[in-house]
Amino acid sequence: MAEYMTSEREEYIAKLDVQIQVINSILKLDLGSVVSAELKKQLKKLKTEAETVQRKLRNNEFEIAIVGEESSGKSTFANALMGNSILPRADKRCTYTSTRIAYSGDNSEDSAVVSFYTVDEFDSDFKDKLRQLCFPNYEMYSFDTLDYNKYKAIYNSDVPDDVKDRKNTDSIRSDLETIIRHADEIRQLLDKPNKPLNSEEISCGDLMAYITDEVKALAVSGIVIYSKQLVDMKNAVIYDVPGFNSPTALHKHQTLNRMKSADAIIITAKGDEPSITEGPLKILLMQYYFVLCC
């Protein structure tokens, strides 16, 4: 049976390799209007999905997403799996970015790597947030040149009331105001190379700031923690993601994407409160609908 599974896995890896090569060949062709920008975007998405599945098959990875509302114990649960207290624990919101956790390897100590957005990536996302608010001439503004008073004046006078009243705009507005107020601090972190941290630096709290500090976390594109304690889960890749009810739009997007790609989902909840409220229930139903359709 094990030999059959290995053979089947190798067969799928080979098929995915062909698919990736074909997509690469199409993307390299100069086909003008034959391949639209939208089609190219879809092809790139398919390529990314194929590469993800191929990597999982090659490494025999099993991806687990720990999800739930803020302060529901996600990080505490992840700490229990690792047998340490690397991730922050608090009664209030304490996770501001998605964290990937994997086995560090035999005879290896705990370590971590923090990755940062480029200025272009961050500014593109900033403009997209303005666009979602129907901000006039949004493409003219940059995250580090738009003055807060000017932003508020334009928002109050030119953004339509029906847009302001939409539920999803609260988190977008919160993101924008935090970015504009702390643009100088954020810019200092953008374009930085990956920051590796050893076990001593993790113990001293150097890693914690990039997870819990809202301003620093906005500049972080990802965090990977390698834990020696996951010796019994060598093939597992665990994601501790921000809560369902995070006020940050990007975090909700991270959570949804992680749920879509996960092989298993662990939902945490407080014992003295309703475990599934309206917001999380809608997200779970969306995920279930995605699985049925795909």
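**Exercise 1. In which loop is Cys 134 found?**

Before we start, a note on the model. This is a predicted model, in which local features need pLDDT of at least 70 and side-chain atom pairs count only at pLDDT 80 or more, while totals for chains, interfaces and linings use all residues. Residues are numbered from 1 along each chain as its sequence is written, and side-chain values use heavy atoms, with hydrogens and water left out.

Solution.
- Step 1: Cys 134 sits in the loop between α4 and α5. Helices (H or I, at least four residues) and strands (E, at least two) are DSSP runs, numbered from the N terminus.
- Step 2: Look at the backbone. Most residues other than glycine have a negative phi. Cys 134, however, has a positive phi, near 60 degrees.
- Step 3: Check the surface. With a relative accessible area of 37%, Cys 134 is partly exposed; buried means under 20% relative accessible area, exposed over 50%, and partly exposed in between (1.4 Å probe, protein chains only).
- Step 4: Now try Asn 137, which is in the loop between α4 and α5. Its phi is positive, about 55 degrees, and Asn 137 counts as partly exposed at 45% relative accessibility.

**Exercise 2. Decide whether Lys 129 is buried or exposed.**

Solution.
- Step 1: Find Lys 129 in helix α4, residues 119-132.
- Step 2: Its relative accessible area is 5%, so Lys 129 is buried.
- Step 3: List its contacts, meaning heavy atoms within 4.5 Å. Leaving aside neighbours within four places in sequence, Lys 129 touches Ile 172, Asp 175 and Leu 176.

**Exercise 3. Describe how α5 and α7 pack against each other.**

Solution.
- Step 1: Two packed helices are described by the angle between their axes and the distance between the axes. Here, axes are lines fitted to C-alpha atoms, for helices over the stretch in contact, and angles run from 0 to 180 degrees between N-to-C directions.
- Step 2: For α5 (residues 148-158) and α7 (residues 169-181), the angle is about 155 degrees and the axes are 10 Å apart.
- Step 3: The two helices are therefore roughly antiparallel. Angles under 35 degrees count as roughly parallel, over 145 as roughly antiparallel, 65 to 115 as roughly perpendicular and the rest as oblique.
- Step 4: Name the residues. From α5 come Tyr 148, Tyr 151, Lys 152 and Tyr 155, and from α7 Arg 173, Leu 176, Glu 177, Ile 180 and Arg 181.

**Exercise 4. Which strands stand at the edges of the sheet?**

Solution.
- Step 1: Write down the order of this open, seven-stranded sheet with mixed pairing: β4-β3-β5-β2-β6-β1-β7. Two strands pair if DSSP finds at least two bridges between them.
- Step 2: The edge strands are β4 (195-197) and β7 (264-267); each has a single partner strand, so one side of each lacks a neighbour in the sheet.
- Step 3: Inspect β3 (residues 111-116). It is antiparallel to β5, with six bridges, and antiparallel to β4, with three bridges. Ser 115 stands opposite Gly 222 in β5, while Val 113 has Pro 196 of β4 as its bridge partner.
- Step 4: Compare the faces of β3. In a regular strand the side chains alternate between the two faces of the sheet. Ala 112, Val 114 and Phe 116 form the covered face of β3, and Ser 111, Val 113 and Ser 115 the uncovered one.
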